[in-house]
Amino acid sequence: MNHLEPASQSRQQQIFTVTRLNSAVRMILEQDLGLVWLTGELSNLAMPSSGHWYFSLKDMSAQVRCAMFKGNNRRVPFRPQDGMQVLVQARVSLYEPRGDYQLIIESMQPAGDGMLALRFEELKRRLGAEGLFDEGRKRPLPREPRAVGLVTSATGAALHDMLTVLERRAPDLPVFIYPTQVQGSAATAQIVSAIMLANRRAEVDVLIVGRGGGSLEDLWCFNEEAVARAIAGSAIPVVSAVGHEVDVTISDFAADLRAPTPSAAAELVAPDRRTRAQRLVHLRQRLTQAMSRHQVAARHGFVLLQKRLDHQDPKRRLEQQSQRLDELDRRLQQYLRDRLHQGERRLAGLVMRLQARSPEKLLAIGKRRHQLAEERLHALIAKRQDLARHRLAMLGARLDGISPLATLGRGYAIVRTPSGEVIRRASQVNEGQTLITTLAEGALRVRVDEVHQP
């Protein structure tokens, strides 16, 4: 009995209407999941006159309904078609009137480079959730390294640039090179082996892992999970120096320090003869990290504020109403088609009944009905015409009653100056002034001899 009472009370407290339940589920989906990336094949694509797009996104074993409103789809640089593989960014939502789970698409691009970007974001999220990128794991670089190790291509320009910088800043610093491929399918395993070899030999106390710039595919080996785990698991502090300053890889997050270029990495690890310059580099690093943390916090705050705004934004309500309008339009079109089909079936039945009866008799009846209808129509037209003539005569009489011409016909006149000003008082006129007098028929030009004031 004790177990049943709380359950009963809970059921009484959690009674929802369907509308309230769907609204609550939609808010939970949109708030908890936020924006997601996913890829799939377009199917059942519909583009109604409202400008919105409706389609399904599917893979080999599942599909989900999607809506992309015209405010977003006008930014899509290509024409989507059924069967096309795409990468989309979407909000997980619920279409409340039907209780259908759906995606609200914010952006769309063809699958390709987008797949690499999706893999990048997924691996970054997963490894970040494991704590692989935590600042607490980062180790400071040695102020006075005994030796520096370079994990890079033996024939690349990055090696030449790093050796040049090291020679200029610390010509007596030993440098060990662990050559490896930095591009292609074999590069991942070679980079991992080079890092492990440097750790086994323990002949350096800082490693620079990197290469020069290139495309996303060229740099992809530094976005592989095996390389990221090898860097994070290295007993030797690692500086990631991949590509140019704008290039960001998973290795950058896993390393103890990210350098914008290989040359900059060499400058960071090589001790400068001037202590002040070394301190400036250190302060710059601290400032960059502080700014990065501040930016992350600011972005997080912005995301929270935007989520709150999204829940109260009339745009979301407008999107729901617009989607419901499209749904009602679809239902109306279906209803009209159904009625048309019913009419066609009824017509077919009437034709069959007509064929079973005498056409001459039906024709005679039809002619009689047509004659009666024609007589009624003529009578109705004549009656309407009489009413219209009577009403026109009444309106004409009323118009004549208020017409200025009728007033003039009773002997009155309108007096104006040549400029058109109507004379209402004697004080408006001077002796000798010429006036225009309008009568019921014609007009007179008169001259004022005397003016009598009231």
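Visitor: Where is the place of Phe16?
Guide: First, a word on the model: it is predicted, so local features need pLDDT of at least 70, side-chain atom pairs count only at pLDDT 80 or more, and totals for chains, interfaces and linings use all residues. Residues are numbered from 1 along each chain as its sequence is written, and side-chain values use heavy atoms, with hydrogens and water left out. Helices (H or I, at least four residues) and strands (E, at least two) are DSSP runs, numbered from the N terminus. On that basis, Phe16 sits in the loop between helix H1 (4–13) and helix H2 (18–33).

Visitor: Is Asn72 buried or exposed?
Guide: Buried means under 20% relative accessible area, exposed over 50%, and partly exposed in between (1.4 Å probe, protein chains only). Asn72 lies in helix H3 (residues 70–73). With a relative accessible area of 5%, Asn72 is buried.

Visitor: Which side chain does the side chain of Asn72 make a polar contact with?
Guide: A polar contact is a pair of N or O atoms within 3.5 Å; within protein, one must be able to donate a hydrogen and the other to accept it, and residues adjacent in sequence count only if both atoms are side-chain atoms. For Asn72 the distance is 2.7 Å, and the partner is the side chain of Arg75.

Visitor: What is the phi of Asn44?
Guide: Most residues other than glycine have a negative phi. Asn44 is in strand S1 (residues 35–46), and it counts as exposed because its relative accessibility is 55%. Asn44 is not a glycine, yet its phi is positive, about 55 degrees.

Visitor: Where does Ala202 lie?
Guide: Ala202 also has a positive phi of about 55 degrees although it is not a glycine. At 48% relative accessibility, Ala202 counts as partly exposed. Its place is the loop between helix H6 (187–201) and strand S8 (207–211).

Visitor: Which residue in S9 does Gly210 stand opposite?
Guide: S8 and strand S9 (residues 238–242) pair in the parallel sense over 5 bridges. In S9, the residue opposite Gly210 is Ala241.

Visitor: What is the bridge partner of Ile436 in S13?
Guide: Strand S12 (residues 434–438) has a covered face, Leu435 and Thr437, and an uncovered one with Thr434, Ile436 and Thr438. S12 is joined to strand S13 (residues 443–447) by 5 bridges, and the two run antiparallel. In S13, Ile436 is partnered by Arg445.

Visitor: Which residue in the turn of the S12 and S13 hairpin has a positive phi?
Guide: The hairpin has 4 residues between its strands. With a positive phi of about 90 degrees, the turn residue in question is Gly442.

Visitor: What separates the C-alpha atoms of Asp400 and Gln333?
Guide: Asp400 is found in helix H12 (residues 359–402) and counts as exposed at 51% relative accessibility. Along the chain, Asp400 and Gln333 are 67 residues apart. Their C-alpha separation is 55 Å.

Technical notes:
Two strands pair if DSSP finds at least two bridges between them.
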